[in-house]
Amino acid sequence: MLTIELPSMVAGRAMADALVDALDGEIAGAQVDVDCRHLVSGSPSFAAQLVSRLLVDGHAAHVQVVAATTPFVDAMTEAAARQGVSGLVSITRPQPVPATV
Amino acid sequence: MTAPPPNPPSLGHLVCRPDATGVHVVDLSRCRWIDPAQLVGTAAIARRHAAAGLALRVLGPVREAQRRYATRLHLGQVLTALDVEHDLVDVDELDRRRDLLEVRHVATEDDARALGELVHARAARDDRGAAQALFAGVVEMALNVADHSGTVGYVAAQTLPSSGWVRFAVADGGVGLLDTLTGRGARTHRQALHLALDGTSRFTDPSRGAGLSGTVREVGRRRGFLYVASGTAAVRASATARDDRRLRAAFPGTLVEGVVGMRGPVSEPAPLRATEGPSRGDRRRR
């Protein structure tokens, strides 16, 4: 299993590329945990590129999004749907978004 | 937070008209209010003229409060850096907490991320949820500039303390959405706006194009919306509806304003010398 620990704020495709490139191990066939315990906010383009690099290009077996807030869960879910890999992404221990207005 | 959201920006003052000597003029002198969209729109037009080697003059607002606001948000500094003639002079920097973000340029992904983090840091002291939406909105719209416009863009943000809203604006004087999406079937500015909001990118890669639709979703969590203008078309998009507008004069490039609701009143700023910007009941709530 591989783990990507996200920093507090993530945005942009280059940042997703850098985090995936830093993985130590073979992505193809692996389960990848995306650890969002420290994540405060993430952009849709980051989520889209992360899904692309891990599942579409990298052929990971499965991506598990751990402890993400609702907005990032939604961004990852939409990215997976757009790229046809919805069945390969699961969400565990989602965090509530701070109180709404 | 009970006040209605501010109305979309009025872009009519951003029309460029030649004066008697042939120099193009952006005339903000009669503006009754100035908001971030007008500031970044002016900066984007100025950048476009500078890049083309065309002379431009910007006339600042006559009203003192609006003049001070435009200057305090560094529009004059941006114009000076572009060698654009203007009549905005520096003012004392008073308490600027509700300004949130003065006019800043964005050209790269690193710029976009830095601006998003800065806005988040400044907004999070009042409302962490709104700050999250602001980060996603500012950074994603700024990334669009870096990815698609082919030029430098500008970002600004402002809180509206009495009504509990915050808004940000991003503009570039680049190719515009119609040129960007002609290859994907857009034939009019309006079509291009809707294609972009539907998630269509100039790239066929399905991992591209989520920026605008994702940002509408993010600001929608906070009762907000996006106002997107390009060419002669504009759309106000919320999580549940879109409202088409037609601009009387084309905006040369793309301009986006996002509005996000705050949980409650923001930190009360120190008293200002005069009524600044849109603060008198947040004038934009017409």
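Biologist: Before we start, what makes a residue buried here?

Modeller: A residue is buried if 20 or more other C-beta atoms lie within 10 Å of its own, exposed if 12 or fewer, and partly exposed in between. This is a predicted model, and by that rule buried residues make up 47% of the 101 residues in chain A.

Biologist: Okay, then why does Asp35(B) count as buried?

Modeller: Asp35(B) has 29 C-beta neighbours inside 10 Å, and the cut-off is 20 or more, so Asp35(B) counts as buried. As for its place, Asp35(B) sits in the loop between strand 2 (24-27) and helix 1 (36-52) of chain B. Its C-alpha is 18 Å from that of Ala123(B), 88 residues away along the chain.

Biologist: And Ala67(A), what makes that one partly exposed?

Modeller: Ala67(A) has 18 other C-beta atoms within 10 Å. Ala67(A) belongs to the loop between strand 5 (62-66) and helix 3 of chain A.

Biologist: What is the phi of Ala67(A), and why mention it?

Modeller: Phi of Ala67(A) is near 60 degrees, which is positive in a residue other than glycine. You'll find Arg223(B) in the loop between helix 8 and strand 8 (225-237) of chain B. With 19 C-beta neighbours inside 10 Å, Arg223(B) counts as partly exposed, because buried takes 20 or more.

Biologist: Back to chain A as a whole: how do you know that its radius of gyration agrees with a compact globule?

Modeller: For 101 residues, a compact globule would have a radius of gyration near 13 Å, and chain A has 12 Å, so the two agree. The C-alpha trace spans about 45 × 25 × 20 Å along the principal axes of chain A. Among contacts in chain A with a separation of 6 or more, 86% come from residues 24 or more positions apart.

Biologist: What order do the elements of chain A run in?

Modeller: There are three helices and six strands in chain A, running β-β-α-β-β-α-β-α-β from the N terminus on.

Biologist: Over in chain B, why is helix 5 called largely enclosed?

Modeller: Of the 22 residues in helix 5 of chain B, 21 are buried, so the helix is largely enclosed by the rest of the structure. Helix 5 (residues 128-149) reaches 31 Å from its first C-alpha to its last, close to the 32 Å expected. Gly150(B), with a positive phi near 75 degrees, follows helix 5 of chain B.

Biologist: What makes helix 4 of chain B roughly antiparallel to helix 5 of chain B?

Modeller: Helix 4 (residues 109-123) and helix 5 of chain B pack at an angle of about 160 degrees, with their axes 8 Å apart. Angles over 145 count as roughly antiparallel, so that is the label for this pair. Their crossing is right-handed. The contact includes Leu115(B) and Val119(B) of helix 4 and Leu134(B) and Phe135(B) of helix 5 of chain B.

Biologist: At what angle do helix 3 of chain A and helix 8 of chain B pack?

Modeller: Helix 3 (residues 70-82) of chain A and helix 8 (residues 210-220) of chain B pack at about 145 degrees, with their axes 11 Å apart. That crossing is right-handed. Residues making the contact include Asp74(A) and Glu78(A) of helix 3 of chain A, and Gly214(B) and Arg217(B) of helix 8 of chain B.

Key. Residues are numbered from 1 along each chain as its sequence is written. Chains are lettered from A and ligands numbered from 1 in the order in which they are written. This is a predicted model: local features need pLDDT of at least 70, side-chain atom pairs count only at pLDDT 80 or more; totals for chains, interfaces and linings use all residues. Helices (H or I, at least four residues) and strands (E, at least two) are DSSP runs, numbered from the N terminus. The radius of gyration is taken over C-alpha atoms; the globule rule is 2.2 Å times the number of residues to the power 0.38. Two residues are in contact if their C-beta atoms, placed from the backbone, lie within 7 Å. The expected span of a helix is 1.5 Å times one less than its number of residues. Axes are lines fitted to C-alpha atoms, for helices over the stretch in contact, and angles run from 0 to 180 degrees between N-to-C directions. Angles under 35 degrees count as roughly parallel, over 145 as roughly antiparallel, 65 to 115 as roughly perpendicular and the rest as oblique. A crossing is left-handed if the near helix is turned anticlockwise from the far one by less than a right angle, and right-handed if clockwise.
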